[in-house]
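User: Hey, could you walk me through this model? I'd like to start with what your terms mean.
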Amino acid sequence: MSRPLFTSGTARGGTNLRAQILSVNKDVCLASDPYLPLFRELSYAILQKTADSQIMEEFETNPYLSDYYFSPTKLKMMKFIQEANLDVKFDQDSWPKLLETMTKRSSLASANLIPFLDLLPSSSFLGVFKNALKVIENAYREEECKWIGFNDNWAIEFFAPLARAFPDARFMIHLRDPRGAIEGA
């Protein structure tokens with residue numbers, strides 16, 4: 001039986017290379033950056049439940065996942081996300097646009113998932129993320145994977161809800177070597 005593996009980090013920090021290195025192991029099936037639009041939808045669903053107009057206004061003006069540390073409102077947003085669980089209703093009406101966005105995103109580094117993305121919808125995000133692992137399993141069908149998962153950058157704040165939903169999962173956070181940033185300056 002496969003176990004979930006979730007990894008994250010920052011863009012241009014070597015996360016895709018790490019995912020490719022891990023996937024060389026026949027026991028690991030790890031997709032690179034396929035589900036970021038799904039995390040955005042989840043954050044919207046979680047934050048809507050707060051009924052906090054200031055949080056929703058902040059989210060609407062900056063709908064992309066970002067750093068939270070420079071705003072008290074964004075810190076509240078991060079806390080709500082980290083304290084949430086995945087048993088949040090998935091808006092079926094958002095699926096056609098989400099599928100289009102996810103297909104474009106997956107085409108960058110995980111095109112093998114695209115034929116299976118229609119398996120994602122469920123009544124809750126818990127079901128959607130269970131299906132997300134099944135999508136990867138289907139895409140790597142020929143392989144016997146002991147670890148199935150994905151890397152999505154800028155999704156670290158979702159590790160706590162994912163850990164509650166998948167208690168047998170493992171998590172990796174890829175920190176960029178600051179020397180790489182200095183060299184490019």
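Analyst: "Buried" means under 20% relative accessible area, "exposed" means over 50%, and "partly exposed" is in between, with a 1.4 Å probe and protein chains only. This is a predicted model, so local features need pLDDT of at least 70 and side-chain atom pairs count only at pLDDT 80 or more, while totals for chains, interfaces and linings use all residues. Residues are numbered from 1 along each chain as its sequence is written, and side-chain values use heavy atoms, with hydrogens and water left out.

User: Okay, Asp33 then: buried or exposed?
Analyst: Asp33 has a relative accessible area of 8%, so it counts as buried. Asp33 sits in the loop between strand 2 and helix 2; helices (H or I, at least four residues) and strands (E, at least two) are DSSP runs, numbered from the N terminus. The phi of Asp33 is near 50°, a positive value in a residue other than glycine.

User: What touches Asn153?
Analyst: Leaving out residues up to four places away in sequence, Asn153 touches Ser8, Gly9, Thr10, Ala11, Thr15, Asp33 and Leu36. Contact here means heavy atoms within 4.5 Å. Asn153 is in the loop between strand 3 and helix 7, and at 6% relative accessibility Asn153 is buried.

User: Let's do the sheet. What order do the strands come in?
Analyst: The four strands make an open sheet in the order 2-3-1-4, with parallel pairing. Two strands pair if DSSP finds at least two bridges between them.

User: Which strands stand at the edges?
Analyst: Strand 2 and strand 4, each with a single partner strand, so one side of each has no neighbour in the sheet. On average, neighbouring strands of this sheet are turned by 20° against each other, direction ignored.

User: And strand 1, how many of its residues are buried?
Analyst: Six of the seven residues of strand 1 (residues 3-9) are buried, so the rest of the structure largely encloses that strand. Strand 1 pairs in the parallel sense with strand 3 (residues 147-151) over five bridges, and with strand 4 (residues 170-174), also in the parallel sense, over five bridges.

User: How many residues does the largest nonpolar core have?
Analyst: It has 45 residues, and those with the most contacts inside it are Tyr35, Leu38, Leu120, Phe129, Ile136, Phe150 and Leu162. A nonpolar core is a set of buried Ala, Val, Leu, Ile, Met, Phe, Trp, Tyr and Cys residues joined through side-chain atoms within 4.5 Å.

User: Which helix gives the largest share of this core?
Analyst: Helix 6, with eight residues. Helix 6 lies across strand 1, strand 2 and strand 3 and runs at about 105° to strand 3. Axes are lines fitted to C-alpha atoms, for helices over the stretch in contact, and angles run from 0 to 180 degrees between N-to-C directions.

User: Last one: what about Thr103?
Analyst: Thr103 is in helix 5 and counts as partly exposed at 26% relative accessibility. Leaving aside neighbours within four places in sequence, Thr103 is in contact with Ile114 and Leu117. The C-alpha atoms of Thr103 and Pro34 are separated by 8.3 Å, and these residues are 69 residues apart along the chain.
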